[in-house]
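Please keep the structure in view while reading.

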Amino acid sequence: MNHPCRHFIFDLDGTLAYTIGDLTASINRMCLHFGWPSITEEDALRNINFGARAFVRGCMPTELCEDEEAVDRAFRVYSDMYATAYLNTTCLYPGVAEGIAYLKEQGAKLAVFSNKQDAQTKAICEKLFPADTFCLVWGHSGAYPHKPSPEGALAIAEQFGVRPEEIILVGDSDVDMMLAARAGMHPVGVSWGYRPAAMLQTLGAETIVHSLDDLKNLLSCVVG
């Protein structure tokens with residue numbers, strides 16, 4: 001039987017929070033450490049979404065990005081840099097705090113699932129949201145492959161105790177839309193994130209969230 005949705009999985013970077021400033025600054029501190037050219041936020045945006053190590057690889061000089069030992073060294077330095085900077089400028093997008101609070105107040109079950117390192121995913125959510133807002137907050141810990149592999153999202157569905165088709169997955173990227181398709185969940189895009197809304201629609205987003213009211217209206221979506 002179809003019924004209004006009460007279970008949601010949210011991406012973090014570009015969906016709930018604007019994080020690209022701290023990510024870019026940390027990469028540039030890594031580049032300075034190695035004497036490499038700095039990058040722009042546009043460079044960072046092109047390489048985000050597939051996990052921290054892939055992000056570092058994409059931002060390295062082209063002649064080094066296939067050298068796995070060089071990537072390992074760079075990733076270690078970047079991780080140290082980002083661990084001290086991931087809350088410097090990171091903030092929630094307008095309307096997100098109110099929208100998430102509304103969903104929670106209405107009895108929705110909420111989770112965060114990110115390709116960002118697990119410790120920083122948890123710390124950002126703890127800093128930006130009231131305690132117990134989310135049932136689960138999972139970043140990449142090695143327990144499951146990076147998105148768009150569906151394993152982690154399906155494990156969250158098990159934790160929720162519902163079928164995948166009863167979950168709306170909200171994200172800002174091609175990775176999130178592919179994840180929803182592979183996991184059998186309902187893909188919803190946000191218009192303010194790191195990828196164009198038109199791309200998300202092309203990849204199967206059932207709707208695009210543009211505002212606080214749109215976030216609230218997710219509860220009226222019928223799933224199952």
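This is a predicted model: local features need pLDDT of at least 70, side-chain atom pairs count only at pLDDT 80 or more; totals for chains, interfaces and linings use all residues.

Two strands pair if DSSP finds at least two bridges between them.

## Strand β8 and its partners

β8 and strand β9 (residues 207-209) pair in the parallel sense, over three bridges. In β9, Ile208 is the bridge partner of Gly189. The chain gets from β8 to β9 through helix α9 (residues 197-202), and this β-α-β crossover is right-handed.

Strand β7 (residues 168-171) also runs parallel to β8, joined by four bridges. Here Gly171 has Gly189 as its bridge partner in β8. With helix α8 (residues 174-183), β7 and β8 make a right-handed β-α-β unit.

## Burial of β8

Buried means under 20% relative accessible area. Five of the five residues of β8 (residues 186-190) are buried, so the strand is largely enclosed by the rest of the structure. His186, Val188 and Val190 point one way. Pro187 and Gly189 point the other way.

## The largest cavity

The whole structure holds two cavities of 30 Å³ or more. The largest has a volume of about 200 Å³. Its lining counts 18 residues, with Asp13, Ile48, Asn49, Asn115 and Lys116 nearest the centre. α3 (52-59), β5 (109-117) and α8 each give two or more residues to this lining. β5 gives the largest share, four residues. By class, the lining has seven nonpolar, six polar and five charged residues.

## The second largest cavity

This cavity holds about 30 Å³ of space. Val190 is one of its lining residues, which also include Phe10, Val170 and Trp192. Eight lining residues are nonpolar, one is polar and none is charged.

Methods:
Residues are numbered from 1 along each chain as its sequence is written. Side-chain values use heavy atoms; hydrogens and water are left out. Buried means under 20% relative accessible area, exposed over 50%, partly exposed in between (1.4 Å probe, protein chains only). A crossover is right-handed if, with the strands pointing away from the viewer, the path from the first strand over the helix to the second runs clockwise. On a 1 Å grid over the protein atoms alone, a cavity is a set of points where a 1.4 Å probe fits but cannot get out, and a pocket is an open set with protein on both sides within 12 Å along at least five of seven lines; lining residues have an atom within 4 Å of a point. Grid points are joined across faces, edges and corners, and a volume is the space filled by probe spheres set on the points. Ala, Val, Leu, Ile, Met, Phe, Trp, Tyr, Cys and Pro count as nonpolar, Asp, Glu, Lys and Arg as charged, and the others, Gly among them, as polar.
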